[in-house]
Structures are given as C-alpha cells and as structure tokens.
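Have the viewer open as you read.

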Amino acid sequence: MAETIHQNVNNVSNKRRPGSEEWERDEMLKAKKGGKPGVQMWDDPAAALASARHEFGEHGGVNMSIEASATFTVMEPESLRRMFAGELGPDHDYFIYSRHFNPTVLNVSRLMAAMEGTEAAYCTASGMSAISSVLFQLLSSGDHVVAARTLYGGTHALLTHFLPRVCNITTTFVDIRDLAAVKDAIVEGKTKVLYFESVANPTLTVANIPELSRIAHDKGATVVVDNTFSPMVLSPAKLGADVVVHSVSKFISGGADIIAGAVCGPASVVNAMMDLCDGPLMLLGPTMNAKVAFELSERIPHLGLRMKEHCNRAMQFATRLKKVGIRVIYPGLEEHPDHALFKSMANKGYGYGGLIGVDMETEERANRLMNLLQNHTQFGFIAVSLGYYETLMSCSGSSTSSEMNTEAKELAGISPGLIRMSVGYTGTLEQKWGQLEMALSRMQQDSSAGLFQKS
C-alpha cells in the first residue's frame, strides 16, 4: 500500500469539480514544481488550498458528506482478502475500518497536505498523538533524538521521560539557534530525528529551518517540525523539513472546541504509519473521528483570513506595548533577534504569527495582570491553548511548560512571569487595546507590581 495516501490526494472519489484539471493548469495560479518529489508547490498556502479538489456531498451538496461508518462493506468476498493483503485500498475506494482509513478524514488530510506543500498527510485524534506517532514511526529502541530546548511541555515530557523509559530512546536538547551545537549533537548513524518547533512554545524563538534541515540531512537525520504556532505563515516542508506536525486544535480549528492533530510528509512515511502490521497510527489507534474531520473541512478554507487578522492584531498590540514600556516578545518587532530570519522564511502577506509574549518577570505579577485583563476589563480569558477567536492568556512556566523542571525552563529562556498571549480578533482593535490599556493603567497604579522598565 506504498502509494495509498499519495494516490488518494488525487483520486479519493469520482466527484471531481468540473474543469478542475484545466483550472489547475491556469498560469495565473503560478504553480511550481519543486521541493518534495511529486508535490505541486505554490507561493501562497491559500492558493494551494484553492487548488485542492473540492469534494461534493453524496447527493450533490456543496459540502462533502460525512462517512461516519466504523466499518465498510465489499461487494465480493474475495475483495476482503485482497484489501488485507494490501492489493486494494482507498486509492480505489476500498476501505476496511475507520481506524485505518476513512474517506472523510482522507479529504481533510488532503487539504492539510496541500496547505503544507507535502506529498501526503493524515489527521489524528490530537496534536500529541501526531507527534508521538511520528516519533514511534521514525525511531527504534536505542535510537537518539536531537531536539530544541524550548518545546511544548507535553513534547518535552515525551522526550525526557516516556521514550527513555518505555522505548530506550534518548534525546539531547540543544539551543536550536546554535547551529554549531546542533551539528555537534547529531551523531551520524545513531541520531535519527532532529525535532523542533518552527516558532517555539512559549518563547517565540524562530528556527532556521533551511539551515537546520541541511545540517540534519548531511548526517542522515530526518527533520520533524511542529508548525502549530504558524500555519499558513510558515511552510516548513518548502524550507527543507521532512515531516510537519500540527495540533489542529489550535489555529486550524479556531473554535477551541476540537481536539485534533495532523501529520504531513512523504507518502512513504504517512502510509507506513497506517500499515496494518506495524503502523503506529493503525495499531495505537489515535485516528480522527469522521465527524471532527467534517467540522474541520468547514474551517480550513478560511484559515488564511483568520491567520492574517490574528497576526495583524498581534503586531499592533506588540508595537503599542513596546511604546508604553512593557517587556514584549514578538518576532514582528525589529529588535527581536529572529526578526530578519522569520521575514526571510515567511509566506508573504501573513505577518509574524498570532502570539506575543509579555514578560512580567514574576508569576505574581503575571497573575495580577491576567486577573485584571479577564475579570475587570474583559480583554481576554485565562486559559491554556491558542488560536481561539478570543484572546487566551496563560503563565507558561506554571502551566503549559510546567512539565519542565526549573533548570530546563531556565535553559529554555522561560521566565517565571512570561505570559503567553494568543491574540484574538473579536471586537474592534481600538476597543480591545482600550481594555488592555486600562488593565496596564491599574497595574501602574499598584506600586508593588513593578510593571514598567526603568528608563
């Protein structure tokens, strides 16, 4: 079944949009061949999404149907044997069981592959299931990983505690900005994966994806990038990464009501993860529910519009916070150490991401500001996660990065008072800035808060 996913990107059903082949050849779309083998490359992820075939519903509805069946019938008994032998698969509309492949999930996976510019993709039940399944696929007992010091706390815990205990897989954590240190840490023949986030959670450190990929590939390692913080904004596969993972629960969903993930990469990798005998997605079972896939199919088409407004608001708030003397971290600010790097890699027109860091130095001060912002001025909500249409705030050191010990957080550059702020887009810009400004004014009045930097 080596070609199952790749063929499904093109042949999931016969309900192809009329004239789509001619449309795809339109020179106005500026499609490019390059990058990953067999992948059509686009200057803009929105153009890639628009080029992906639109699936009609069973009775001609403009929205695709939900294939909610757990199991699927065959017309001839012999087909079942051939399906389990790998001779017949989803590329010819043969489905066994929805833990394996499901038509609705495949349709959404096709959109994810188009957006990330990869040959294939498949969606999972959560972001962590996407991450863990990829690592289980690429690694064996005794293998070694090199990973960024600054990672989502759950990923850090997986690499630090679970994989060594259960799988005898070890990880060396490095400063991902230090390319020489990354190169030295990769042991040729033993290090199988270089893992990092395109924009680090929660410090907003930006990874040099082209150079890191070159270093890893020179030593035979596979590059896995978590692009959760920057869908549409950055395209790691175009920049050299091999596999891209997402927590789809965040920006891609946009509604804080879905838990989901995705793995985007070569068809060989994605198909191997679904192998009936030893595929981690097939055997561990964290595949996406078809009803969730349908919900996502309704949201991905306007992801680009949402990301542009998230990024616009984040830039506005970061610039204004800087002017009033707040310690703010945002790659869109010229003084951010990775500003030029981010700009050189980013897809044009999307900005610099929808998250900002506000460093209050201590957890007490961070909590004081978040309390004012939620409970007094209604600026946003104190909650983990990100990518919601309302602003979400959390003190990372004591929440989403709490799995890391004090030393690891210090090495990662996570201040005890760092507020990770996922900027929403509800209300008007001036309305929301007024609410933020009001909370800052109250903080300033509290002489013990020590909010503003000394000039």
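## The chain as a whole

A contact here means heavy atoms within 4.5 Å. Of the contacts in the protein chain with a separation of 6 or more, 72% are between residues 24 or more positions apart. This is a predicted model, where local features need pLDDT of at least 70 and side-chain atom pairs count only at pLDDT 80 or more, while totals for chains, interfaces and linings use all residues. Residues are numbered from 1 along each chain as its sequence is written, and side-chain values use heavy atoms, with hydrogens and water left out.

The protein chain has 17 helices and 14 strands (DSSP runs numbered from the N terminus: helices are H or I with at least four residues, strands E with at least two). Of its 455 residues, 55% are buried (under 20% relative accessible area, 1.4 Å probe, protein chains only).

## Strand β3

Take a look at β3, residues 120–124: five of its five residues are buried. A120, Y122 and T124 point one way, with A121 and C123 pointing the other. In a regular strand, side chains alternate between the two faces of the sheet.

β3 pairs with β9 (residues 261–265) in the antiparallel sense, over five bridges (pairing takes at least two DSSP bridges). Across that pairing, A121 has C264 as its bridge partner.

## Helix α7

Now for α7, residues 153–167, whose buried residues include G153, H156, L159 and C167. There's a kink of about 35° centred on L159 (the angle between axes fitted to the seven residues ending there and the seven starting there).

Terms used. Buried means under 20% relative accessible area, exposed over 50%, partly exposed in between (1.4 Å probe, protein chains only).
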